[in-house]
Amino acid sequence: MIHRFHPHRLLLSSNHLRHIHWSPKQETKLTRPELVDRITRLLILNRYNAVNDLTFTFTDKLLNALLSNLRLNPSACLHLLQLASKQPNFRPNVNSYCRIIHILSNARLYDQTRSYLYQLCNTNINSLLFDELVVVYNKFRFSPTVFDMLLKVYAKKMLTNNALRVFDYMILQGRRPSLQSCNSLLSCLVRSKECYEASLVYEQMVSIGVVPDVYMCSIMVNVYSKDGKVERGMEFVKEMERLGFEMNTVVYNSLIDGYASLGDVDGANNVLRLMNEKGIQKNVVTYTLLIKGYAKKSRMDEAENVLRMLSNEENLAVDEYVYGALIDGYCQVGKMDDAIRFRDEMIQMGLKVNLFVCNLLINGYCKLGLISNAKRVLSDMRNWKIKPDLFSYNIIVDGYCREGFVDEAFKLCDEMLSQGIEQNIITYNCLLKGLCRSGALSDALKLWGIILKRGMAPNEYTLCTLLDGLLKSGDFEKALTLWKDIQARGFAQNTTIFNTMINGLCKMGKMSEAEVNFNRMKELGCLPDEVTYRTLIDGYCKVGNIEEAFKVQNFMEKQSIFPSIELYNSLINGVFKSTKISKLTNLLAEMHNHGLSPNIVTYGALIAGWCNQGMLDRAFSIYFEMIKKGFAPNLVICSKIVSSLYQQGKIDEANILLQKMADYGLVPDHRYFDKFLNPCDRFLDVKKIADSLDESASNFSLPNNIIYNIAIAGLCKSGKFNDARRMLSTLLLKGFVPDNYTYCALIHGCSAAGNINEAFEIRDEMIRKGLVPNITIYNMQTSTRPDMKTILHLPSIAIKWNTRISWIGCAQISRDKVGECYKLLEELLTNNGSHNKR
């Protein structure tokens, strides 16, 4: 309520007093028009204190009437709005604000206009702002400049839909947005990753007569590059240059970025050549983008050459971003030693290691399972006075959980809190995933309770992780309870969560329940995607119901969702599972007709199928076709063939193939085993390795002894012989019976380490267990230059004669042993004179 007016507070001339004289009694009798008129005159005369002394109540109607009267006096309008805003029980409405915005814009007070627009965009009035501005504009018919300003404000605030609505309105009204506003809108669309929409808007801009500048050209090149249409971007540049535009470094960098993002380094180098031809100056960003392109293709040597090329440029200095791009590339390909080499070089160059580089290194180590190394980077950050952020900790928490060290992950969470870093839902998602993977479902449910108690909003990943964990554990009742809770939380129309539920039911073999959820999904208007159909088909294939799988496929194709190679891989497995092999030929022909080529999984499914049918000739035929097509055999495929050879009693052939797998690096190497290093004592956790091997055998439907032998061979080849012996002891407790290949791998490990005596002890242990050493074992025992006694005591049948002679010849023997060489040669000629002499 405004205070009453006191005449003695004003010093006015007699003319003024006669003109606006009133008494307190007369004041209360003013009509609404009289009150509006009186306040208007006081504000025009800048007598703001006199307005304060009036007794009246502000209303929307009164305020708007005053603004209409004062529309040509922006200063008075501003004071009126400030006065109204200070009232205890009144706030101006959106219409009033729109009136003042138009008034200020019409008076060309653009800074104040822009300020009000920004303020209103941050309030709940924002949703009504545009419509009310249109209403006021139609009433006052002021300058439409306000809409151009609103377009720019919306674009800068990343309110894309609002900005597009203003843009469309201006075009309908025959108004052309300014070049600056158009550039702001295009930039907004690019930042929102709406490249296709940006292309359409640009065409509209050109059609209404907007003349682009170099900045708009650079935006459009960026649009085409980010949309994967870099060739169109190149054509656009040529068109603009023909029209007389001089493209700058930013434009050409956008082209390089486009090619680099596609991994097309040849295209990027062509752009670089054009820059040289046109005399366009290259900058550090140019070289950084080129390094990223080479890194994307894992061509790190060439990426390194670009760095050296940049170092030779006189006017350019290598910065942290260049080294960051190179370090990122090495981290992506798992070459952490090289990543550290460039980090050290970066420091020697006087550049500071930043948070970005540290996070790259942490992520690189965690991807390889080398969590202790990642933790060391975290310690180094403190020495460099770099404060780790939430992302730094979340990477390592996730790394610990992936490798099964959930307790260490929780300890790290405590460290986070001590550093003043609060966990977010991503942190809890990692912990949930770790607990579910380790089978600690009760702890996972407790953590779920903590998440809800702390008021954190679970996201799609949280719910999928817990639901998947419960379903994999076979706890259908708890999974069903969680499923009901998920639906109650408003995720009933989430395709990913439905897919998780259907996948879990399919894995449990509950196909009828999976079908019910599939139908429920459609009832709720949640559209199934290719993953949904593929999951159902895979479920039916696993239970051998190939007919139902084909029905789902037909229904899927009617929905215009075309099958992928992954779907056909499932159908191939289903055909073999159902023993309806006659359908295989048509299925492969159909796959070919859809333009799909078999991948390594396809060949694996065919090889495994024929192996299970006992038809090794067909399996090998597919195997050689796979090799011819350029696919390298993997551990699963070779293990399946080895298993089938064992089943058919072809032990020697199986062992030879196992040895070839070790020779060709198909067995696990040190990188695999380093993931099982205990972070506390740095010893391998052989029990975890054994459990992991059991899981692998189950997942790939392979006999456990094959997987165990492969792991032992891998440990021996990695130089971890003691760990291999410890592993064998653990596996013996699981009922594993070592065979010829097991001892072969152990003897090879001993021999390679130079422990010849222990190698012979293992051979003797093998003989005691009734296993006969084969030629491979004797070859390995003599591969480290044994003494003459060892060679002469090898069984004659175990080794090639010419090999034995060559061993004696190359050994460091005394003259009195030469006679033994002749004896061996004589024995060779007597037994088999047809052998080649060396």
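This briefing covers salt bridges in the structure above. The model is predicted, so local features need pLDDT of at least 70 and side-chain atom pairs count only at pLDDT 80 or more, while totals for chains, interfaces and linings use all residues. Residues are numbered from 1 along each chain as its sequence is written, and side-chain values use heavy atoms, with hydrogens and water left out.

- The whole structure holds 29 salt bridges, each defined as a side-chain nitrogen of Lys or Arg within 4 Å of a carboxyl oxygen of Asp or Glu.
- One network, built from salt bridges that share partners, joins E304, R308, D338, R341 and E345.

**A pair within one helix**

- K472 and D468 form a salt bridge, with their closest N and O atoms 3.2 Å apart.
- Both lie in helix α28 (residues 460-472), 4 residues apart, which means about one helical turn separates them; helices (H or I, at least four residues) are DSSP runs numbered from the N terminus.
- K472 is exposed at 64% relative accessible area, whereas D468 is buried at 14% (buried is under 20%, exposed over 50%, partly exposed in between, with a 1.4 Å probe and protein chains only).

- R343 and D380 meet in a salt bridge of 3.9 Å, N to O.
- This pair links distant parts of the chain, 37 residues apart: R343 is in helix α21 (residues 336-348) and D380 in helix α23 (residues 371-383).
- R343 is buried at 10% relative accessibility, and D380 is partly exposed at 21%.

**A partly exposed pair**

- E239 and R232 form a salt bridge, the closest N and O atoms being 3.6 Å apart.
- E239 is partly exposed at 29% relative accessible area, and R232 is partly exposed at 29%.

Conventions:
Helix = DSSP H or I, 4+ residues; strand = E, 2+ residues; numbered from the N terminus.
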